[in-house]
Amino acid sequence: MEASPTSFNHVVAMPYPGRGHINPMMNLCKLLVSNNNSILVTFVVTEEWLTFLSSEPKPDNNINFRSISNVVPSELIRSRDHPAFLEAVMTKMEEPFEELLNLLDHPPSVILYDNMLYWVVVVGNRRNIPVASFWTMSASVFSIFLHQHLLELNGHYPVKFSENGDERVNYIPGVSSTCLADLPLFDDSNRSKRIMQVVLRGLQGIHKAQYLLISSIYELESQAIDILKSKFSIPIYTFGPTIPCISLKNDLKPNTNNIYSYIEWLDSQPIGSVLYIAQGSFLSASSEQIDEIANALCESNIRFLWIARNEASRLKQMCGNMGLVLEWCDQLRVLSHSSIGGFWSHCGWNSTKESVIFGVPLLTFPISLDQPFNSKMIVEDWKVGLRVKDNVNGDVLVKKSEIVKLVCEFMDLDSDLTKGIRERSGKFKKICCDAIGDGGSADIDLKAFIGNIIMHSSKSTHA
């Protein structure tokens with residue numbers, strides 16, 4: 001039931017306009033309203049994203065969408081000109097966002113914003129509205145960016161992958177020994193430099209925010225999170241994977257009434273027999289590499305569910321009849337299904353967290369941004385997965401024969417190679433579930449932040 005107009009606490013959420021940023025912020029908003037029905041959320045997106053989201057089920061009665069104009073030309077989106085897209089987001093969204101604040105029926109108690117959008121802090125401070133910065137990557141990656149100057153001091157920035165990519169560094173606070181090639185965005189390309197500028201400016205803006213929220217679980221990254229808490233004077237909260245609470249409170253089981261045909265197909269497969277493959281929604285492997293994967297799946301004779309988006313129809317013809325190739329699926333439902341025995345992933349942070357919390361071992365195939373470092377944590381720190389590519393320097397084509405050998409051994413439940421991985425995956429699943437459960441670290445932080453929201457509402461009401 002929606003809260004009455006006289007008793008609600010109003011959160012305005014401003015995500016970065018990308019699926020990998022919108023999803024975790026939406027899931028965080030779902031967690032907030034499901035834990036306290038006095039919280040109302042105004043979720044702000046561009047008109048284009050409002051069209052996309054309007055076709056999906058309404059998230060919650062206490063979450064309402066509002067849109068601002070499409071400040072990013074559609075041709076930039078179509079051409080995948082990421083630097084130009086980023087420039088438009090950073091320079092043209094502030095004004096329409098502030099105009100929207102003027103049109104709201106009730107003032108915000110708190111503005112929740114994606115850390116990339118540093119201009120939101122300026123707006124909030126100007127209007128005397130508390131702001132909470134939401135970091136959608138790992139805490140470890142946060143620490144790497146925060147201590148980027150150490151890489152410069154040691155002559156490791158920018159990274160020259162062909163020369164020293166396999167060199168290891170162990171001086172980044174809260175981060176274990178790491179290959180330079182696994183560090184996020186530390187090459188010498190103009191694209192990386194521009195994104196680095198935006199990220200670093202976002203980190204500077206946190207000092208003027210009132211809260212820092214991190215989409216992680218304390219027990220997964222305790223050292224990095226402790227370092228961040230020592231660096232900032234504002235409260236830092238970790239909310240877990242920000243997976244929709246309904247999925248977590250349902251004993252991590254899929255909906256038995258699900259009408260999706262692929263769920264019915266999964267129902268008919270043996271336990272732990274299916275390899276789930278998904279390479280994310282933004283970056284993708286080369287067409288040549290995709291063909292090698294498809295031919296390997298056909299030859300391996302293992303069961304698989306592959307989300308291939310725009311190439312689904314072509315790949316169906318190549319992959320044989322042991323699996324399904326689809327353009328989309330409900331990833332949470334798939335990962336929580338008992339027939340899933342592994343996840344071939346690009347290692348985006350959202351997919352990484354979802355796989356760990358459902359106890360699914362990973363085959364890591366990172367492409368760019370923070371994905372190589374997430375792969376490093378999966379394989380070296382948590383030991384719940386294997387790398388598809390051993391060579392860390394540059395784009396190396398993984399041949400069909402290598403893939404066949406790897407996936408067959410990885411999906412063999414009796415394999416000595418993966419027995420330990422599966423055992424540790426189960427242990428990490430329990431760690432995550434305990435953190436999210438009543439009295440766990442994520443549950444405590446979530447309730448503390450909700451208390452802050454209510455406090456700010458009370459102050460604004462009596463001002």
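## Questions about a predicted fold

Colleague: What does leucine 369 count as, at 22% relative accessibility?
Modeller: Remember that this model is predicted. A residue is buried under 20% relative accessible area and exposed over 50%. Leucine 369 has 22% relative accessibility, so it counts as partly exposed.

Colleague: Where does leucine 369 lie?
Modeller: Leucine 369 is not a glycine, yet its phi is positive, about 55°. As for its place in the chain, leucine 369 lies in the loop between β14 and α18.

Colleague: What is the relative accessible area of cysteine 347?
Modeller: Here is another residue that is not a glycine but has a positive phi: cysteine 347, at about 70°. Cysteine 347 sits in the loop between β13 and α17. To count as buried, a residue must be under 20%. Cysteine 347 is buried, and its relative accessible area is 0%.

Colleague: In β14, which residue is the bridge partner of serine 345?
Modeller: Strand β13 covers residues 340-345 and strand β14 covers residues 362-364. They run parallel and are joined by three bridges. In β14, the bridge partner of serine 345 is threonine 364.

Colleague: How many of the eleven residues of α18 are buried?
Modeller: Among the buried residues of α18 are Pro372, Phe373, Met377, Ile378 and Val379. The cover over the buried residues includes α7 (139-146), β7 (178-179), α17 (349-357), β14 and β15. Helix α18 is largely enclosed by the rest of the structure, because its buried residues number nine.

Colleague: Which residue follows α17 and has a positive phi?
Modeller: Helix α17 is mostly covered, with nine of its nine residues buried. Trp349 and Ile357 are among them. After α17 comes a residue whose phi is positive, near 70°: glycine 359.

Colleague: How many of the residues of strand β4 are buried?
Modeller: On one side of β4 are Val110, Leu112 and Asp114, and on the other are Ile111 and Tyr113. Both faces are covered. Strand β4 (residues 110-114) is largely enclosed by the rest of the structure, because the number of its residues that are buried is five of the five.

Colleague: Which residue in β5 does tyrosine 113 stand opposite?
Modeller: β4 pairs with strand β5 (residues 131-135) in the parallel sense, over four bridges. Strand β1 (residues 9-14) also runs parallel to β4, again with four bridges, and there valine 12 stands opposite isoleucine 111. In β5, the residue opposite tyrosine 113 is serine 133.

Colleague: Which helix joins β4 and β5 in a right-handed β-α-β unit?
Modeller: The two strands of the unit, β4 and β5, pair in the parallel sense. The helix that makes the right-handed β-α-β unit with them covers residues 119-126 and is α6.

Colleague: How many residues are in the largest nonpolar core?
Modeller: In soluble globular proteins, nonpolar side chains tend to be buried together. In this core, Met90, Phe97, Trp135, Phe145 and Tyr276 touch the most other members. Leaving aside neighbours within four places in sequence, the contacts of phenylalanine 145 include Trp135, Met137 and Phe186. The number of residues in the largest nonpolar core is 90.

Colleague: What share of the residues of the whole protein chain count as buried?
Modeller: The protein chain has 21 helices and 15 strands. It exposes about 19,900 Å², with 49% of that supplied by carbon and sulfur atoms. Of its 463 residues, the share that count as buried is 56%.

Key
Residues are numbered from 1 along each chain as its sequence is written. This is a predicted model: local features need pLDDT of at least 70, side-chain atom pairs count only at pLDDT 80 or more; totals for chains, interfaces and linings use all residues. Side-chain values use heavy atoms; hydrogens and water are left out. Two strands pair if DSSP finds at least two bridges between them. Buried means under 20% relative accessible area, exposed over 50%, partly exposed in between (1.4 Å probe, protein chains only). Accessible areas come from the Shrake-Rupley method with a 1.4 Å probe; for residues, only the protein chains shown count as cover. A crossover is right-handed if, with the strands pointing away from the viewer, the path from the first strand over the helix to the second runs clockwise. Contact means heavy atoms within 4.5 Å. A nonpolar core is a set of buried Ala, Val, Leu, Ile, Met, Phe, Trp, Tyr and Cys residues joined through side-chain atoms within 4.5 Å.
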